[in-house]
Amino acid sequence: SHRLVCVVCSGTQHNLWRASWAAGATYSAEDRIFVWQLPSGAALPALALPSDPTGQLPPVVRVHGAELLVARAAHSVVAVYDCGGSAADAPVPRRELVGHTGPIKAMSVDDGRVATGSEDGTARLWLLRTSKCTSIVRPGGGAVLEVQLVGQRLVVQHLCAGAPGGSATTLWATGETTTAEGGSTPACLARFAGWACLDPTASRAYVQEVAHLRCVCTQQGARSHALARPAQAGSASVSALAVNALYVLSTLLYDEEDKEGDDEDDEHAHVQRQALHAAASASDAGGDGAHQLAVWRASDGELLGTIDGLPWEPEAVALVGHAAVCVGFDVPPPHILTYDLRAVGARSPPTPHEVSFHAPVVGVGLADACLAVALSDGSVVVTELGVDASVTAASSRS
């Protein structure tokens, strides 16, 4: 966040992986959470919490201002820590969000409100200031896997038997009807077969379906237009998606075969698919499974073009103003590429600005233009990204 950098060293994740390692791999009994204050970089005493021996239910951690929200591994309660005091003071839980009956798997914070998703099959909305649960969402099906809260709109991804990939996504209006207790009864606006991402204004949701990306108006829950993309080699899913008020950005992996989707009757989508394939064929890397980015204009969904020749598949992408930020995990330098999207579609393609570190990147977090990266040697670097796809300042926080 603007006040804190948080890194989770997950013993639970270690326990999940150790079964596939060499005999004698040790069991980790703790999840350790390291917190630094910004802009000083002062380190607070680390938190040590019990891990999940099975490795199936890792801790869920978010930061909001100077507060740290932690649902420890395989636990149904969120503890809220105040990390705004002296760096010598250990974080102390000030409040708890109590109500779920199963382990918490997802959390999202927006403007003093918190959304949580649990294995109990529900998502809950909370007021962070009072720790009061204001709404309970029951999407149906199994455990809630992901939540995203933006304004009065909530996206919930949950297990669903029979759905492609075994999960489905629902879109909710969170404050439409007020209850006698002062809470609200969320209204379900739409259900999707894929997963969805809200834009910063919560006016649109971008849904990743099997064959294409689709934009949905969140006011009516009706489909507005499709953003076509070509088939990918071996998989129809994208590995990363980013949305801001200006652009929609998606990673693409081209395949030589032109797999036709189920939207051939959608003329707008078909024209965009042809344009996207033409851009792929025109590039040196387009037809052989190269990693690329597709860029659309957020206002009308018009395809602006592609960025070709990425040296690795981005594990994370983000948008900062007109800049696209691509991060590669455990790859050789450069570790971060930034592109000025105003040059997409021009005769000369955008030239990446490369950022390299002294060790591979293993984790990343972004708050506006402030990028924090965790490196494989245990250090953390905080980088300020300029909105014109340049790095304006960088400082090491160890």
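A disulfide is a pair of cysteine sulfur atoms within 2.5 Å. Keep that in mind for the close-ups of this predicted model, in which local features need pLDDT of at least 70 and side-chain atom pairs count only at pLDDT 80 or more, while totals for chains, interfaces and linings use all residues. Residues are numbered from 1 along each chain as its sequence is written, and side-chain values use heavy atoms, leaving out hydrogens and water.

**View 1. Cysteines without a partner.** A search of the whole structure turns up zero disulfides. Cys83 is in none, and the nearest cysteine sulfur, that of Cys6, lies 8.1 Å away. For Cys215, the closest cysteine sulfur is in Cys217, at 7.8 Å, too far for a bond. Cys83 has 1% relative accessibility, so Cys83 counts as buried (under 20% relative accessible area; exposed is over 50%, partly exposed in between, with a 1.4 Å probe and protein chains only). Cys215 is also buried, at 1%.

View 2. Strands are DSSP runs of E, at least two residues, numbered from the N terminus, and two of them pair if DSSP finds at least two bridges between them. Six bridges join strand 8 to strand 9 (residues 113-118), and Val109 stands opposite Val114 in strand 9.

**View 3. Where to read with care.** The mean pLDDT, the predictor's confidence in each residue from 0 to 100, is 81 for the protein. Over residues 255-289, pLDDT stays under 50. Where pLDDT is low, the predicted coordinates should not be read in detail.

Methods. Helix = DSSP H or I, 4+ residues; strand = E, 2+ residues; numbered from the N terminus. Contact = heavy atoms within 4.5 Å.
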